[in-house]
Each structure stands twice: as structure tokens, then as C-alpha cells.
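Subject: A structure for you, with notes

Hello,

Here is the structure I promised to pass on.

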Amino acid sequence: MATFPQLRLRRLRQNEAVRGMVRETQLTPSDFLYPLFVTHGRNLKVPIEPMPGCYHLSVDRLLPEVREVAELGIPGVLLFGIPESKDAAGSGAYADQGIIQEAIRAIKQATPQLAVITDVCLCEYTDHGHCGVLKGDTVDNDKTLELLARTAVSHVEAGADMVAPSAMMDGQVAAIRSALDGDGYAETPIMAYAAKYASAFYGPFRVAAESSPQMGDRNGYQMDPANVRMALREVEQDIKEGADIVMVKPALAYLDVIARVKERFDYPVAAYNVSGEYSMIKAAAANGWLDEQRATLEVLTAIKRAGADLILTYHAKDACRWLVGER
Ligand code: PBG
């Protein structure tokens, strides 16, 4: 084996053509899924302050947005809803005329080729802001399962192509799989938020989705950031329950988790580049503290390099433009 001075690793870095030949990780639009926030009303496109470039969109204003997403080559969107009202049981999540159900129908009509994936959780719909129904001041896991299953079925009935349970209740994937199968939707895949950590990086999203818990926190159901073996058990469990794609969330502070999951399981791995990760780059770039385009593409490349087959990211549209050389 050659060593220096015969070996010179810089030979393969001397210009962009050569660097391109040996590049191990390439981003493409089909790597991305784009999250969107849908709200009731008409002609609304309201900026989400902590997430510059993201909006609360009424269904009519959502349609140009999804057309643009499809034209950029992004294969799907992930929908979050802001309901008109909230209650203890999160009933807006599984209402036939709920905001997500309306949005799905409209998108499937406007851009049928675009995959519509829905976040299945109660936190945007409960008045207490927790991801399930409460018993005293803790979340009642088993009672929540039935509501999550109802939510998933109602999304799929409205036309969703895939559901993404994110409540971190034990048994949620099995409950949703059996409800979907029982209602004739055996072909609908589940993308499970399998290893979802209790993270400070969801802060901007909770402003956007108005979903902060009114008391307590999510540490009793979301994962402890210190744990990686536990993440593998979560993923294993979700796969046993019927998950088709497994997700690690957040992405950046958890690249090791993505890599371990990818190494251990022969399943497609998704990574959620969450709101706080996005906001950090946006805020620093707005101050002129870093180059937004380079920082963003570096981060997304790193997430893919770690092992993600799919990246859910608010940067998706910008990244697609930058990948074809637009500024
Ligand atoms: C729960 C959910 C959350 C996010 C996605 N789904 C918030 C939470 O668990 O508090 C966070 C996404 C982000 O921060 O971008 N429905």
C-alpha cells in the first residue's frame, strides 16, 4: 500500500471535475419531502415568524405551493393542520371535514402525482397540547391508540398516500396498521416516527403548529436524547408492528442514530431535519453569519451521508433550486 509521497490524497481534490467523480453522496430532489402547514380560511398565506420562508396556508393558497413542489421534482409533502378549535380528545384530527382531510382532497385533485403524507398525532388538536388523551396529568397510551387509528383511517379515506404516526405511543403502528387493513387500505404504507426524541429543536414548530403542551412536557413519551440503544429498540418494535419506513427525528444532533439504524435494519430510513435546525441556519444567514446555501447543502448532504434515504426538510424547495445551480 502506497504512503506519502507516492500517496497523495489531494490528487482527487484538485478540481471540481475530479471531485465530482469521487463524490460519495449526491443530493437529488427525490431525497426530499416538504412539510406544509394548512389552516382554515381563504386566501391566507401567513408567515411563520420563527421559520422564515414557511407559511400557514389556507387550502386555496396551498395549491400553487404544491404545484411548485411537484415541479421541482420533490416526490411528496407532509401535512400539518391548524384546526379551527381544539378539545380534550383532539377531535379535529379525525373529523371528516377536518383541515387535513380538506387539504388532502384538494391536493390530490390538483397534483395527483404528488404523494401526500400526513402527520398522525393529536397535539395540534388537543386543548392541552399533548400528543394523546390525558388521564389525570399523564397521557393515556392505550386510549390514544384508538384515536390515532381513527385519524389515520380518516386521512387515507380522504386520499392520503401514506401516514406518519408521530405521537410516540407504544403500539401506535400496530393499531394503525390493523385499522387500515380492516378498512380495506392494506396497500397504504406507514412511515413511522420510530426514534423521536424529546428535543428543544421542535421549538419553532410548536409556535407554527400552536402545539406546545399547556402543562408538563413530552419526556414521558418522546425519547431521551442521551439514548441510542433505546432508539434501536423503538425502530425494531415499529418494524415488527408493520412500519414500512422508519424515521429518526431530529436529524442533525442524531446523525449517529441514523447511521446505527441504517446499519442494523434493511429498511428505508427517513430523517426529519426539524424546525429548530432550519431556524438556526435561517437566523444565522439573515445576520450574515454564514452562507445559507453552502450551510444548507452541507447539512442535507451530511444527513444523507449518515444513512437517510429520505429527508423531511423545510429547506427542500431551496435545496432543489440550488442543486440545479439557481441562486
Ligand atoms: C408532533 C410533531 C412535532 C413535530 C412533528 N410532528 C412536534 C412535537 O413533537 O412537539 C416537529 C417538527 C419540527 O420541529 O419541525 N405532531
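A word on naming to begin with: helices (H or I, at least four residues) and strands (E, at least two) are DSSP runs, numbered from the N terminus. This is a predicted model, in which local features need pLDDT of at least 70 and side-chain atom pairs count only at pLDDT 80 or more, while totals for chains, interfaces and linings use all residues. Residues are numbered from 1 along each chain as its sequence is written, and side-chain values use heavy atoms, with hydrogens and water left out.

On a 1 Å grid over the protein atoms alone, a cavity is a set of points where a 1.4 Å probe fits but cannot get out; a pocket is an open set with protein on both sides within 12 Å along at least five of seven lines, and lining residues have an atom within 4 Å of a point. Points are joined across faces, edges and corners, and a volume is the space filled by probe spheres set on them. Two cavities of 30 Å³ or more turn up in a search of the whole structure.

The second largest cavity holds about 50 Å³ of space. Strand β1 gives the most to its lining, with four residues, and β1 and β3 (55-58) each supply at least two. By class, this lining has seven nonpolar, one polar and one charged residues (Ala, Val, Leu, Ile, Met, Phe, Trp, Tyr, Cys and Pro count as nonpolar, Asp, Glu, Lys and Arg as charged, and the others, Gly among them, as polar).

The largest cavity, with a volume of about 160 Å³, is where the ligand sits (more than half of its atoms lie within 2 Å of the grid points). Elements that give two or more residues to the shell around the ligand are β9 (191-196) and α6 (203-209). Of the 19 residues around the ligand, Lys-196, Arg-206, Lys-249, Ser-275 and Tyr-314 come nearest (a residue counts if one of its heavy atoms lies within 4 Å). The shell is made up of ten nonpolar, three polar and six charged residues.

Which side chains make polar contacts (pairs of N or O atoms within 3.5 Å) with the ligand? Arg-206 has a side-chain N or O atom 2.6 Å from a ligand oxygen, and a polar side-chain atom of Gln-222 lies 2.8 Å from a ligand oxygen. For Glu-124, a side-chain N or O atom is 3.3 Å from a ligand nitrogen. The protein covers 100% of the 400 Å² of accessible area that the ligand has on its own (Shrake-Rupley method, 1.4 Å probe).

Now the open spaces. About 420 Å³ of space lies in the largest pocket, and helix α10 (residues 292-306) gives the most to its lining, with five residues. The second largest pocket has about 330 Å³ and is lined by 20 residues, with Asn-141, Met-168, Met-169, Asp-170 and Glu-234 nearest its centre. Its largest share, seven residues, comes from α7.

Finally, some backbone details. Most residues other than glycine have a negative phi, and most peptide bonds are trans. The bond from Phe-4 to Pro-5 is cis, with omega near 10°, and another cis bond joins Lys-249 and Pro-250, with omega about -10°. Asn-43 has a positive phi, near 55°, and lies in the loop between β1 (32-39) and β2 (45-47).

Enjoy exploring!

Notes. A polar contact is a pair of N or O atoms within 3.5 Å; within protein, one must be able to donate a hydrogen and the other to accept it, and residues adjacent in sequence count only if both atoms are side-chain atoms.
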